[in-house]
Amino acid sequence: MAAAAFSPAASAMVARLTPETGRGKAFGRYGAWKGVGYTAGPLLGGVLIYFGSFDLLFLTMAAMAVAVAAWTLTVPNLEPLPRQRQTVKDLAKRLSHSDFLRPTTALAASTAALATGVGFLPVKAAEHGPIVTGAAVSLLAITAALIQPRIGKAHDAGRVTSPRTGILTAAAGFVAAAAIPGLTGTLIAAVLIGAGSGAVTPLAFAALARTTPEGRMGQTMGSAEVGRELGDAGGPLLVGGLATVASLPLGLLGLAAVIALTAW
């Protein structure tokens, strides 16, 4: 419930507080910090449980939540914007338009890549021990975090507009994970998946913000987050299902194919 309340409000605020010419860079920074938290959380949790217990983990997260809740009091207060009356038909028409569906599908694909990479690259590298598996996840997260602001800045300068290259790069990462054996394949996959999923996020969010009426920004971002969550859940489920009936490489190749299809 907390995550569902946070994400639409946060992305809508980024859009409203940033001029249109700077939204790519702003969403790149937003996605980078969010990605760092998304990936660092489980790693921090593992450390806390190893040296303490689940109680220590939950108490630490509770303390962090209180601190962040206090910090949000410094965030600017945005008054609601005037809106025209909207019917269910109007909403359905807007959410079925290509201006919404294309970037949302790209976000779903990139989130599926990120979630699956975090979940399954450690499985591929398990024989090398926990330090190596943790390093693979960290490499993926760092790559995604570093590339997002740069892609956003390139978007604002008009050099990059389509998320297609990012989607195909993420798909190539899973092909590498399936086809290249050993630690080499894991590390190459981590870089490609991180770079691909990171490149998509600022471009897709900037596209959504550009085509959405100011008074409907929260509604659009909330609806787009549904697409991201579907990717977050669907990617690992697809790979896990195919790995169960066949093998992990086949599962990774299956996800690569699905992700690549979303580029068109």
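Predicted model: local features only at pLDDT ≥ 70, side-chain atom pairs only at ≥ 80, totals over all residues.

Below are my entries in the order I looked things up.

**Entry 1: what I have**

Read from the N terminus, the elements go α-α-α-α-α-α-α-α-α-α.

**Entry 2: overall shape**

I wanted to know how the radius of gyration sits against the globule rule. The chain has 264 residues, so a compact globule would come out near 18 Å, and the 19 Å of this chain agrees with that. I also took the extent of the C-alpha trace along its principal axes, which is about 60 × 45 × 35 Å.

Of the 264 residues, 41% count as buried. For contacts with a separation of 6 or more, 77% come from residues 24 or more positions apart.

**Entry 3: the largest pocket**

How much space lies in the largest pocket? I get about 1,700 Å³. It is lined by 47 residues, and those closest to its centre are Phe-6, Tyr-30, Trp-33, Lys-34 and Gly-37. I then listed the elements that give two or more residues to this lining: H1 (2–17), H2 (23–51), H3 (54–71), H5 (98–124), H6 (130–156), H8 (182–211) and H9 (217–245).

Which helix gives the most to that lining? That would be H2, with 15 residues. Sorted by class, I count 26 nonpolar, 14 polar and 7 charged residues in the lining of the largest pocket.

**Entry 4: the second largest pocket**

I moved on to the second largest pocket, whose volume is about 450 Å³. Its lining has 20 residues, with Ser-98, Arg-102, Pro-103, Ser-162 and Pro-163 closest to the centre. The elements giving two or more residues here are H5, H7 (164–179) and H8. H5 gives the most, with 6 residues. By class, this lining splits into 9 nonpolar, 7 polar and 4 charged residues.

I note that H5 and H8 turn up in the element lists of both pockets.

**Entry 5: His-155**

I picked His-155 in helix H6. Is this histidine buried or exposed? Its relative accessibility is 15%, so His-155 counts as buried, given that the cut-off is under 20%. I then skipped its neighbours within four places in sequence and asked what else His-155 touches. The contacts are Gly-24, Val-160, Thr-161, Leu-203, Ala-206 and Arg-210. Gly-24 falls in the range of H2 (23–51), while Leu-203, Ala-206 and Arg-210 fall in that of H8 (182–211).

**Entry 6: Leu-121**

Last stop was Leu-121, which sits in helix H5. Leu-121 is buried too, with a relative accessible area of 3%. Beyond its neighbours within four places in sequence, Leu-121 is in contact with Thr-116, Leu-140, Ala-177, Thr-186, Ala-189, Ala-190 and Ile-193. Of these, Leu-140 lies within the range of H6 (130–156), and Ala-177 within that of H7 (164–179). Thr-186, Ala-189, Ala-190 and Ile-193 belong to the H8 stretch (182–211).

I also checked one distance from this residue. Ala-65 is 56 residues away from Leu-121 along the chain, and their C-alpha atoms are 29 Å apart.

Key
Residues numbered from 1 in each chain as written. Heavy atoms only, no water. 1 Å grid on protein atoms, 1.4 Å probe; cavity = no way out; pocket = protein on both sides within 12 Å on 5 of 7 lines; lining within 4 Å. Points joined across faces, edges and corners; volume = space filled by probe spheres on them. Helix = DSSP H or I, 4+ residues; strand = E, 2+ residues; numbered from the N terminus. Nonpolar A, V, L, I, M, F, W, Y, C, P; charged D, E, K, R; others polar. Rg over C-alpha atoms; globule rule 2.2 N^0.38 Å. Buried < 20%, exposed > 50% of the residue type's maximum accessible area, 1.4 Å probe, protein only. Contact = heavy atoms within 4.5 Å.
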